[in-house]
Amino acid sequence: MSDHTTHSAQAGQKSDAGYWAANVRIILVSLVIWAICSFGFGILLRPMLSGISVGGTDLGFWFAQQGSILVFLALIFFYAWRMNKLDKEFGVEEE
C-alpha cells in the first residue's frame, strides 16, 4: 500500500514540476519579448528605426512612448490565455 502512495506522490511531484517549468518558460518568453520591444526598439535600436515613420514620428520613438505599453498589454492577455490553457492541461483550472 505504501508503494502505491509513494508512486502517486512522485507522479504528482513530476506533474507539479512540469506545470511550473511551463509557467516559468511562458514568463521568461514574455519578459524577453517585452524587453526587446521596450528597451531594444525604444532605446538601443532607435537610430536604426528612425527612418520608419508611424503616426508622424519615427518608429523608435513610437515604441518608447506607446508601442512597448501596447506590447505589454498584449502580453498580459496572451499570458492569461496561455495559463488558462496550461491549467486545463494539468487539471488545475478554476471552476
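**Close-up views of a predicted model**

**Figure 1. Salt bridge between Arg-82 and Glu-89.** Arg-82 and Glu-89 are joined by a salt bridge in which the closest N and O atoms lie 3.7 Å apart. The model shown here and in the following views is predicted. Arg-82 is partly exposed, its relative accessible area being 21%, whereas Glu-89 is exposed, at 51%.

**Figure 2. Salt bridge between Arg-46 and Asp-58.** The side chains of these residues, Arg-46 and Asp-58, meet at an N to O distance of 3.5 Å. This pair links distant parts of the chain, 12 residues apart: Arg-46 belongs to helix α2 (residues 46-49), and Asp-58 to strand β2 (residues 57-58). Arg-46 is partly exposed, with a relative accessible area of 34%. Asp-58 is buried, with a relative accessible area of 16%.

**Figure 3. The largest nonpolar core.** Six residues make up this core: Cys-37, Leu-49, Leu-59, Phe-63, Val-71 and Leu-75. The greatest contribution comes from helix α3 (residues 59-90), which supplies four residues.

**Figure 4. Surroundings of Leu-49.** Leu-49, a member of the largest nonpolar core, touches Phe-41, Asp-58, Leu-59 and Gly-60, when residues up to four places away in sequence are not counted.

**Figure 5. A second, separate core.** This core has five residues, including Tyr-19, Ala-22, Met-83 and Leu-86.

Conventions
Residues are numbered from 1 along each chain as its sequence is written. This is a predicted model: local features need pLDDT of at least 70, side-chain atom pairs count only at pLDDT 80 or more; totals for chains, interfaces and linings use all residues. Side-chain values use heavy atoms; hydrogens and water are left out. A salt bridge is a side-chain nitrogen of Lys or Arg within 4 Å of a carboxyl oxygen of Asp or Glu. Helices (H or I, at least four residues) and strands (E, at least two) are DSSP runs, numbered from the N terminus. Buried means under 20% relative accessible area, exposed over 50%, partly exposed in between (1.4 Å probe, protein chains only). A nonpolar core is a set of buried Ala, Val, Leu, Ile, Met, Phe, Trp, Tyr and Cys residues joined through side-chain atoms within 4.5 Å. Contact means heavy atoms within 4.5 Å.
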